[in-house]
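Subject: Structure handover

Hello,

Here is the structure we talked about. Please open it first, then read my notes below.

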Amino acid sequence: MRKAYKFRLYPTKEQEGRIQFTVERCRLLYNRLLDERRVAYETAQTTLNY
């Protein structure tokens with residue numbers, strides 16, 4: 001039998017701001033690297049990884 005737990009977070013305003021900042025940075029980095037992969041494939045027909 002498997003059990004699952006849910007936890008709810010109640011961050012302060014400062015913590016909420018830091019979380020939003022971190023998520024935004026991760027989103028920007030992901031999109032930039034995704035674009036680099038797309039351009040590399042279109043130009044050289046190669047895929048990028050680590």
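E36 counts as partly exposed, because its relative accessibility is 38%. E36 forms a salt bridge with R32. The closest N and O atoms of that pair are 3.9 Å apart. A salt bridge here needs the nitrogen within 4 Å of the carboxyl oxygen, so the 3.9 Å of E36 and R32 qualifies. R32 is exposed, with a relative accessible area of 59%. The two residues are 4 apart in helix α1, so about one helical turn separates E36 from R32.

Please keep in mind that this is a predicted model.

Now the other salt bridges. The whole structure has 4 of them. One joins R27 to E24, with the closest N and O atoms 2.5 Å apart. R27 and E24 sit 3 residues apart in helix α1, which spans residues 13-44, so about one helical turn lies between them. R27 has 42% relative accessibility and counts as partly exposed. E24 is partly exposed too, at 35%.

Another salt bridge links E42 with R38. Their closest N and O atoms are 3.2 Å apart. What separates E42 and R38 along the helix? About one helical turn, because they are 4 residues apart in α1. E42 counts as exposed at 52% relative accessibility. R38 counts as partly exposed at 43%. D35 belongs here as well: salt bridges with shared partners join D35, R38 and E42 into one network.

Next, the overall fold. The protein chain has 1 helix and 0 strands. How does the radius of gyration of the protein chain sit against that of a compact globule of 50 residues? The globule would have a value near 10 Å, but the chain has 18 Å. Along the principal axes, the C-alpha atoms fill a box of roughly 45 × 40 × 15 Å. Buried residues make up 2% of the 50 residues. The chain exposes about 5800 Å². Carbon and sulfur atoms supply 56% of that area.

On charge, the protein chain carries 11 positive and 6 negative charges.

Is A4 buried or exposed? A4 counts as exposed, because its relative accessibility is 76%. A4 and E16 are 12 residues apart along the chain. Their C-alpha atoms are separated by 25 Å.

Last, the record. An unreviewed UniProt entry carries the annotation "domain: Transposase putative helix-turn-helix" for residues 1-43. In the model, that span is 72% helix and 0% strand. The end C-alpha atoms of residues 1-43 lie 51 Å apart.

Best wishes

Definitions and conventions. Residues numbered from 1 in each chain as written. Predicted model: local features only at pLDDT ≥ 70, side-chain atom pairs only at ≥ 80, totals over all residues. Heavy atoms only, no water. Rg over C-alpha atoms; globule rule 2.2 N^0.38 Å. Buried < 20%, exposed > 50% of the residue type's maximum accessible area, 1.4 Å probe, protein only. Areas by Shrake-Rupley, 256 points an atom, 1.4 Å probe, with all protein chains shown as cover. Lys, Arg positive; Asp, Glu negative; His and termini not counted. Charge placed at Lys NZ, Arg CZ, Asp CG, Glu CD. UniProt positions renumbered as here; feature names shortened; annotations may be inferred. Salt bridge = Lys/Arg side-chain N within 4 Å of Asp/Glu carboxyl O.
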